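Please open the structure in a viewer and keep the selection tool at hand.

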Amino acid sequence: MPRTMSKTMRMRPTICVLLACGLTFGLLGSGASAQKSRAKASFTTGSNDVLIKYIDEQVRLGWTDNEIEPSEAADGTEWMRRVYLDVVGHIPPAEEIDKFLADEDPVKRTKLINRLLEDPAYVRNMTTMWTNLSIGRRNIRRVSRSGMRKFYREAFSRNQPWKDVVYDLMSAEGHFEKNGAVNYWLAQMQDRDEMVQATAKTTRLFLGIQVQCTQCHNHPFNDWKQNQFWQFNSFFRQMQKVEHRKYDPKTGRQEDDYSEIIQRDFTGPVYFEKRSGLMVVAYPKYLTDEVDPGEETDRREEFARLVTKGDRPLIAEAMVNRMWGHFFGYGFTKPVDDMGPHNPATHPDLMDRLSEEFVKSGYDVKQLVRWITNSEAYNLTSRFGEKNAIDNPAAGESQLFSHMYVKGMQAEQLYDSLIVATGAHKSGRTSWDESEKQRRDWMQQFVVAFDTDEADEATTFNGTIPQALMMMNGDLTKDAISAERGGFLYRTLTTPGSSDTKRIRTLFLSTLGRQPTRREALLTGGMMRKLKDDKDKLAAYQDLFWALLNSNEFIFNH
Amino acid sequence: MNLQVPQGMSRRHFMQHLATAAATVPAMEFISHLQANAAEVKKKQKACILMWAGGGPPTIDIWDLKPGSKNGGEFKPIDTAAPGVQITEHMPKTAQVFDELSVVRSMSTREADHGRGRYYMHTGYVPNPTVTHPTFGSVVSHQLGTERKELEIPAFVTIGGGSGSPGFLGMRNAPFSVGSNGQIRNADMGGTSEGRLKQRLSMLSVIEDRFIGTKRGDSPQSHKDIYQNAINLMTSEQMKAFKVDEEKPELLEKYIGTGSQTGMMNRNAGTFGRGLLMARRLVETGVPFVEVNVSVGGWDLHNGVFNALANTNLPPMDAAISALVADLKDRGMLDDVVLVWMGEFGRTPRINQNVGRDHWAASWSNMIGGGGLKNGQAIGKTDADGVGIVGKSYLPGDIWATVSHALGIPLDTVFTSKRGRPMKIANGGTPIKELIG
């Protein structure tokens with residue numbers, strides 16, 4: 001108790017008030033569990049950012065109100081694997097784990113977070129995430145994935161304020177490789193659909209709201225009305241794509257050249273049909289802001305300006321909710337892109353405050369990541385039990401963040417993790433750029449397109465038989481467990497002065513990010529020692545490596 | 001419990017050797033003899049084939065035409081083998097077997113968004129953030145799959161597209177998704193011996209079980225269940241059910257259709273036909289639920305609806321459906337296999353400025369047939385312009401209740417969601433009276 005108070009004293013007055021309220025509620029609500037919750041309040045990653053204390057208190061409030069107790073903090077290996085996967089998109093290399101475990105600095109978790117945010121892999125991971133969100137995983141003809149990636153890569157490597165990223169996307173014009181942002185629009189313009197898909201996608205992805213149902217009628221489940229869909233839509237109607245072709249002297253045929261987005265003349269309202277058959281009009285209007293529908297107006301420029309203005313615009317909330325969801329598996333709403341009064345947030349005060357602070361920080365995405373990953377909740381184990389059994393959003397319960405939720409690895413995370421597990425990135429055999437293309441080809445096997453105007457797609461990746469077959473028999477695994485000279489197993493098995501114990505430890509560390517348990521060490525060690533023939537022994541190591549890569553513990557981010 | 005290599009493994013290897021040892025005539029005859037016997041035994045097994053027209057099919061131009069209305073469009077209705085029932089002129093072969101099929105013309109389903117409609121039609125429930133309902137194939141897998149001990153391949157297969165999630169019924173009942181070419185990637189163990197596989201699986205079980213024991217929710221156990229399914233599959237001789245090319249070419253041609261009628265411009269030509277033929281092979285093997293994507297060029301026809309239907313979508317669909325009905329009948333399976341055709345919603349009766357139709361859920365049609373139902377009927381009615389239902393309307397739960405009835409799954413079956421909420425099968429829908437007699 002005194003320790004908590006002393007920390008509280010250091011905070012700014014506004015936070016103190018909020019915090020005090022939180023504690024009072026806690027004490028009134030359920031004295032016993034509040035006391036226990038506070039007993040563990042000493043957990044820290046080492047960050048002294050006051051907002052993190054606020055996050056922790058708000059999350060704790062949810063535990064107290066629901067009379068649950070949180071799980072323990074995750075140990076170093078569990079947490080390290082998670083933070084690597086979430087921030088840089090792959091598992092930690094074995095030697096980094098040893099370094100981290102040996103580090104006795106009490107602020108080592110914060111240090112690691114800061115280091116990972118400066119790693120080029122953070123930029124790659126965010127680029128992959130936002131490229132997939134923007135244009136999907138399928139290869140779409142006449143849309144440049146490399147252009148889209150380039151846009152995001154530049155944005156995230158400069159840590160460009162999110163507000164500016166959104167502005168650039170919303171107002172994008174020009175050549176699809178010179179200004180990669182236009183690919184966002186090109187991907188939504190696959191059908192001549194009067195920008196219906198562009199409207200639906202933009203509102204979901206950047207504003208966190210779902211208005212697509214209101215395209216045809218007022219929606220019974222949320223507050224959005226049919227005319228609002230078309231008001232949003234009318235901002236996008238000056239946009240036109242041009243698909244250039246060029247003569248190829250080698251083939252003697254016209255071939256695809258570049259695509260571009262240009263402005264076309266479009267003034268006045270858009271027309272849509274009410275369910276009654278009545279035709280009505282909608283003018284460009286963003287929430288309460290109307291813009292001049294005349295020919296002088298660049299409507300997307302106006303849209304870009306309107307969505308990025310103010311102290312807490314929807315783009316801030318949408319980003320906070322999505323990023324929280326990225327790190328925990330669940331945002332404050334399910335799904336993360338359907339916010340509004342019809343779908344209340346689980347932690348409304350926390351979401352509001354984080355959004356506010358995100359804006360105040362200058363839309364600093366790295367800072368947002370720091371806040372989330374330094375929070376107590378993010379540092380808890382994914383194990384849970386009786387005392388917080390109801391915190392199980394997978395079963396339909398509200399998310400209370402009293403333990404980490406097990407997440408399936410994204411296909412890209414798995415691919416990159418296999419590269420790290422086999423040390424291929426160090427041996428010079430694989431460069432990240434090369435692997436980027438190979439990874440994309442490989443991934444197509446898991447992408448299923450729905451034939452709809454929303455160009456939506458699903459993946460058969462997570463927890464399916466095709467995934468299991470790929471992990472058991474696919475080329476990636478075959479390569480990983482091959483005993484080829486220079487390969488990972490070869491190096492592990494031929495390291496001078498090694499022993500079976502050490503080799504087994506290396507395999508566990510490289511894949512699961514932890515040492516073998518006593519039982520695992522006994523079972524595998526015993527088996528290895530019995531084998532005298534080199535060929536048999538090699539086979540046994542290959543089988544062990546196969547088993548580790550195929551395990552639930554490997555494929556889940558937990 | 002350890003992951004098991006099933007007994008069937010050596011059997012399958014034997015069969016493979018037999019098949020590759022030279023595709024000699026006697027060996028092939030021997031195999032088809034075995035198949036014939038297997039087919040005899042499994043003939044009485046009930047199954048459902050769902051034909052999923054993803055994107056929202058314009059049923060007003062296919063199953064419920066409105067000649068003389070401003071919404072009527074360009075097509076004429078034709079008579080069918082079912083007295084008094086007319087369908088589009090672009091489905092002539094299907095019209096000839098319509099005494100084995102029926103149309104439900106009074107679907108009224110309120111969800112006109114792709115994602116929501118897809119969920120609603122597949123599960124019978126509207127989307128709800130607190131629970132993931134099982135897609136109906138998972139329900140059938142759960143009810144019929146477990147009792148079919150001889151079935152080594154998944155009890156729910158989707159061909160050429162996605163379906164939905166098994167929801168609270170767990171990954172054990174998840175759809176197994178394959179392409180219509182029947183190729184299953186990575187199913188070949190590349191010469192790994194049974195001994196090596198056993199060694200690998202026993203090590204795997206040690207690691208998996210430890211992780212399951214650390215109590216992190218259901219996912220770690222689901223992973224193990226899926227692996228067992230995958231091992232059963234890849235070591236099973238029933239894998240041949242996916243190999244459409246083992247069928248006689250003449251039969252495959254019927255499913256795909258021949259000549260100009262199939263639409264030479266259609267790059268998808270043959271996909272749906274192959275898929276339906278594979279579905280027949282799968283239900284013959286004992287798979288109780290197969291979903292086939294009606295991938296004939298896309299159904300989200302906001303533009304140029306008539307051109308697309310007449311020249312691209314309908315010819316291959318007509319060939320495939322009529323061939324399936326005839327094939328199932330020839331094999332004496334039609335009374336045991338119920339057929340359903342649907343999408344996420346229908347399309348606006350009004351024709352838009354791009355000669356297309358938009359999303360419409362208020363009044364549209366599903367097709368259903370086979371399964372020992374009283375077929376050859378048009379059930380329900382829309383008004384003269386197709387914009388409203390006259391009389392009784394139906395929900396997806398009613399379609400699935402009819403299917404449950406046909407499959408012999410009791411309608412008082414109740415599931416319990418993970419939160420302990422009871423849920424009636426097919427959302428408490430009622431079998432359509434006219435169809436079950």
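Begin by selecting Val103(B), which stands opposite Met367(B) in β11(B). This is a predicted model, in which local features need pLDDT of at least 70 and side-chain atom pairs count only at pLDDT 80 or more, while totals for chains, interfaces and linings use all residues. Residues are numbered from 1 along each chain as its sequence is written, and chains are lettered from A and ligands numbered from 1 in the order in which they are written.

**The sheet of chain B**

Next, select strands β4 (residues 101–107) and β11 (residues 364–370) of chain B, which pair in the antiparallel sense over five bridges. Strands here are DSSP runs of E with at least two residues, helices are runs of H or I with at least four, and both are numbered from the N terminus. Two strands pair if DSSP finds at least two bridges between them. Met107(B) stands opposite Trp364(B) of β11(B).

How many of the seven residues of β11(B) are buried? Seven of its seven residues are, and the strand is mostly covered. A residue is buried if 20 or more other C-beta atoms, placed from the backbone, lie within 10 Å of its own, exposed if 12 or fewer do, and partly exposed in between.

Now display the whole sheet, an open one of eight strands with mixed pairing, in the order β6-β5-β7-β1-β8-β11-β4-β12 (chain B). β6 and β12 (378–379) of chain B stand at the edges with a single partner strand each, so one side of each lacks a neighbour in the sheet.

**A helix residue in chain B**

Select Leu251(B), in helix α8 (residues 249–256) of chain B. Leu251(B) counts as partly exposed because it has 16 C-beta neighbours inside 10 Å. Its C-alpha atom is separated by 9.8 Å from that of Leu324(B), 73 residues apart along the chain.

**The two domains of chain B**

Colour domain 1 (1–42 + 193–237) and domain 2 (46–182 + 243–436) of chain B; such bounds come from an automatic or database domain assignment. Eleven residues of domain 1 of chain B are in contact with ten residues of domain 2 of chain B, where contact requires C-beta atoms, placed from the backbone, to lie within 7 Å. α7(B) gives the most to the domain 1 side, with six residues.

**Where the chains meet**

Show both chains: their contact takes 61 residues from chain B and 56 residues from chain A. On the side of chain B that touches chain A, α4 (114–123), β6 (176–178), α6 (194–213) and α7 (219–234) of chain B each supply at least two residues. The largest share of that side, eleven residues, comes from α7(B).

**An enclosed helix in chain A**

Finally, select helix α20 (residues 465–473) of chain A. Eight of its nine residues are buried, so the helix is largely enclosed by the rest of the structure. Among the buried residues are Ile465(A), Pro466(A) and Met472(A). Their cover includes α21 (475–481) and α25 (534–550) of chain A, together with β6 and α7 of chain B.

Zoom out to chain A, which has 26 helices and eleven strands. Buried residues make up 46% of its 558 residues.

Notes:
Contact = placed C-beta atoms within 7 Å.
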